[in-house]
Amino acid sequence: MKTLKQRQAETGRTLSLNGAAWRRLRAAVLEREPLCRDCWKRGRLTVATDLDHHDNDPRNNDPDNLVPLCHECHSRKTQADMGKKVSAGCDANGQPLDPDHPWNRAR
């Protein structure tokens, strides 16, 4: 079993997920934007619990690159980033959120 430091080295993380610097950064981003951004797009109010690196680069800890998400949305995005098929759901009007959905490609 790999240690946290080994997993960090493999991913290229510059801040330890259990370190004080990451906790401060995470708290600041979640204070600025406390709701899950993906749920908000769907018309749902859900507290954000996770931060996602928008550009998928764990070394880029610029606050503008960190997207607040609930755990469910963060897991869904991670799975999609890994090439797995996931459903993005719909917005409050029933319109699919996936830009590649046939309904959205027709626009």
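Q: Why is Gly 43 counted as exposed?

A: Happy to start there. Gly 43 has a relative accessibility of 56%, and exposed means over 50%, so Gly 43 counts as exposed. Keep in mind that this is a predicted model. Gly 43 sits in the loop between H3 and E1. Its C-alpha atom is separated by 9.2 Å from that of Cys 90, 47 residues apart along the chain.

Q: What makes Asn 56 partly exposed?

A: Its relative accessibility is 44%. Buried means under 20% and exposed over 50%, with partly exposed in between, so Asn 56 counts as partly exposed. This residue belongs to the loop between E1 and E2.

Q: What is there to say about the phi of Asn 56?

A: Asn 56 has a positive phi of about 65 degrees, although it is not a glycine. For background, most residues other than glycine have a negative phi.

Q: Why does Leu 35 count as partly exposed?

A: The value for Leu 35 is 28% relative accessibility. The range for partly exposed lies between under 20% for buried and over 50% for exposed, so Leu 35 counts as partly exposed.

Q: Where is Leu 35, and which residues does Leu 35 touch?

A: Leu 35 is placed in the loop between H2 and H3. Not counting residues up to four places away in sequence, Leu 35 touches Trp 40, Leu 45, Thr 46, Val 47, Ala 48 and Pro 68. With Pro 68, 33 residues apart along the chain, the C-alpha separation is 6.9 Å.

Q: How do you know that E1 and E2 pair?

A: Two strands pair if DSSP finds at least two bridges between them. Here 4 bridges join E1 to E2, so the two strands pair, and they run antiparallel. As one example, the bridge partner of Leu 51 in E2 is Pro 68.

Q: What makes both faces of E1 covered?

A: Asp 50 and Asp 52 on one side of E1 are buried, and so are Leu 51 and His 53 on the other. Strand E2 also has both faces covered: Leu 66 and Pro 68 are buried on one side, Val 67 and Leu 69 on the other.

Q: Which residues make up the largest nonpolar core?

A: This core has 7 residues: Trp 22, Leu 25, Val 29, Leu 30, Ala 48, Leu 51 and Leu 66. Helix H2, residues 20-32, gives the most to this core, with 4 residues. Apart from it lies another core, of 6 residues, among them Cys 39, Val 67, Cys 70 and Cys 73.

Q: What does Val 29 touch?

A: Leaving aside residues up to four places away in sequence, Val 29 touches Leu 51, Pro 63 and Leu 66.

Q: What lines the largest pocket, and what volume does this pocket have?

A: The volume is about 510 Å³. There are 20 lining residues, and Asp 38, Lys 41, Lys 77, Ala 88 and Leu 97 lie nearest the centre of the pocket. Helix H3 (37-41), strand E2 (66-69) and helix H4 (71-81) each supply at least two residues of the lining. H4 gives the most, with 5 residues.

Q: How many lining residues of the largest pocket are charged?

A: The lining has 10 charged residues, along with 8 nonpolar and 2 polar ones. Asp and Lys count as charged, so Asp 38, Lys 41 and Lys 77 near the centre fall in that class.

Q: How many helices and strands does the protein chain have, and what is their order?

A: The secondary structure comes to 5 helices and 2 strands. From the N terminus on, the elements run α-α-α-β-β-α-α.

Q: What share of the protein chain is buried?

A: Buried residues make up 26% of the 107 residues. As for contacts between residues at least 6 apart in sequence, 39% join residues at least 24 apart.

Note on methods: Residues numbered from 1 in each chain as written. Predicted model: local features only at pLDDT ≥ 70, side-chain atom pairs only at ≥ 80, totals over all residues. Heavy atoms only, no water. 1 Å grid on protein atoms, 1.4 Å probe; cavity = no way out; pocket = protein on both sides within 12 Å on 5 of 7 lines; lining within 4 Å. Points joined across faces, edges and corners; volume = space filled by probe spheres on them. Core = buried A, V, L, I, M, F, W, Y, C linked by side-chain atoms within 4.5 Å. Buried < 20%, exposed > 50% of the residue type's maximum accessible area, 1.4 Å probe, protein only. Contact = heavy atoms within 4.5 Å.
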